[in-house]
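Subject: Structure for your review

Dear colleague,

Please find below the structure that I am handing over to you, together with its sequence. My findings follow directly after it.

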Amino acid sequence: MLLFKEKVQLKKYLDSQLKQGKKIGFVPTMGALHKGHLSLIEKSKKDCHITVCSIFVNPTQFNNKEDFEKYPITIENDIFLLETHFCDVLFLPSVDEMYVTGLSERKEFDLGFIETVFEGSKRPGHFNGVCTIVEKLLNIVEPNILYLGQKDYQQCIVIKTLLTLMQKSNEIEVKICPTSREENGLAMSSRNKRLNKEEFDKAKVIYKNLLFIKNNLTNTNAKEVLSVAQYNIINAGFSSIDYLSIANANTLAPLNDFDDKTKTVILFAGFISNVRLIDNLLIN
Ligand code: AMP
C-alpha cells in the first residue's frame, strides 16, 4: 500500500493513474477502522482498479469538544487492516495539510432542508464541517466512485447534495453500502470503542427496537410504537435520546404517520453514558 501525507504527491500519483484509464474508488474515513469501513474498501476493490482510503479526524465537523478529544485514534492498527485488505493507497494528511490557513477555511454550504433536521439540528454546523472536508478530499482524489456507509444515512444525502452543489453529480458515482453490525446487532462504529463491555451489551437495544418498530408499524400506530421503543431504550440504560423518528427516506421530512407507499426510514440518535450513537433502518 502506498501512503501519502501530502495532497500534491497524492494528486500527482492519481493523475498518472487516471491517464492510464484506471478507475479510482474512494473511501473517506476518520480512522479507528472496523469491519464496516473494510466492507467499503472491499466493495471498492471489486469495482475499481485503485482504492484510496483517507484517514483524517476532521476538527471542523465536531460540534462537541469532548467528542473530538476522545475520538479514538488507532493508526497502526488501521494501517495493518488496510494492508491486509489490499487497499492500494492511504491518504493520511495532517490538519495543517488540509487546512493550510487554519480552521477558518470551514465553509458554509447551502444544504437546504436536510441541514435543519435530525443530525443537522442536534449537531449545528456538523454538516458544513463534513462538506468542507469532503469537498477538499474530492478535489484531490477526483474518484470515479465514492463509497459511503448507510450507517450515516443523513450524511449520505448531504454528500449527494454537496456533489450537486459542486456540479460533480455526473462525474462521481456514489455507492451506499449496507450497515455492518456486531453480532448483537449494534451498528459498528469507531465510537463503540469508547463503550465498556456492559454498555456495549446494553447498546444492542437500539437495533432491537429499530426492528421492533419496523415489524409493528401500521398506518395508524406510529406514535404508540415509537414511544414504546423509546421507553425500551431508556429502560435498557440510555441516558437520553436525541431523536427516534420515522422520516421520508428521500427528503428526511419527519413523518407523523406511516404510509406504506412512502419510502420510510427510522432514525435514532442517543447517549449511553456520554457516548453518542446513531443508527437507522429502512422500512420499505
Ligand atoms: P467514519 O470513519 O465514521 O467517518 O466513517 C467513514 C465511512 O464509513 C462513512 O461513509 C460511514 O458511513 C462508513 N461506515 C461507518 N460505520 C459503518 C458501518 N457500521 N457499516 C458500513 N459503513 C460504515
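Predicted model: local features only at pLDDT ≥ 70, side-chain atom pairs only at ≥ 80, totals over all residues.

The parallel sheet

Six strands make up an open sheet, and their order across it is E1-E4-E3-E2-E5-E6, with parallel pairing. The edge positions are taken by strand E1 (2–4) and strand E6 (173–177); each has a single partner strand, so one side of each is left without a neighbour in the sheet. From one strand to the next, the twist averages 25 degrees.

Within this sheet, strand E2 (residues 24–29) runs parallel to strand E3 (residues 50–55), and six bridges join the two. One of the residues involved is threonine 29, whose bridge partner in E3 is isoleucine 55. Helix H7 (residues 126–141) packs on the sheet, where it touches E2, E3, E4 and strand E5 (145–149). The direction of H7 makes about 155 degrees with that of E2. Helix H4 (residues 75–84) lies across E1, E3 and strand E4 (89–91), and runs at about 170 degrees to E3.

The second largest pocket

The second largest pocket has a volume of about 220 Å³. It is lined by 16 residues, of which Met30, Ile55, Phe56, Val57 and Ile73 are the closest to its centre. By class, the lining consists of 13 nonpolar, two polar and one charged residues.

Isoleucine 233

Helix H11 (residues 222–235) contains isoleucine 233. Is this residue, isoleucine 233, buried or exposed? Its relative accessibility is 1%, and because the cut-off for a buried residue is under 20%, isoleucine 233 counts as buried. Leaving aside residues up to four places away in sequence, isoleucine 233 touches Val205, Asn209, Phe238, Ile241, Leu244 and Phe268. Leucine 195 is 38 residues from isoleucine 233 along the chain, and the C-alpha atoms of the two are separated by 16 Å.

Strand E9 (residues 264–272) pairs with E10 in the antiparallel sense, over eight bridges. The hairpin of these strands has two residues between them, and serine 273 takes a positive phi near 50 degrees there. Strand E10 (residues 275–282) is mostly covered, with seven of its eight residues buried.

With kind regards

Key: Residues numbered from 1 in each chain as written. Heavy atoms only, no water. 1 Å grid on protein atoms, 1.4 Å probe; cavity = no way out; pocket = protein on both sides within 12 Å on 5 of 7 lines; lining within 4 Å. Points joined across faces, edges and corners; volume = space filled by probe spheres on them. Nonpolar A, V, L, I, M, F, W, Y, C, P; charged D, E, K, R; others polar. Pairing = 2+ DSSP bridges. Helix = DSSP H or I, 4+ residues; strand = E, 2+ residues; numbered from the N terminus. Axes fitted to C-alpha atoms, helices over the stretch in contact; angles between N-to-C directions. Contact = heavy atoms within 4.5 Å. Buried < 20%, exposed > 50% of the residue type's maximum accessible area, 1.4 Å probe, protein only.
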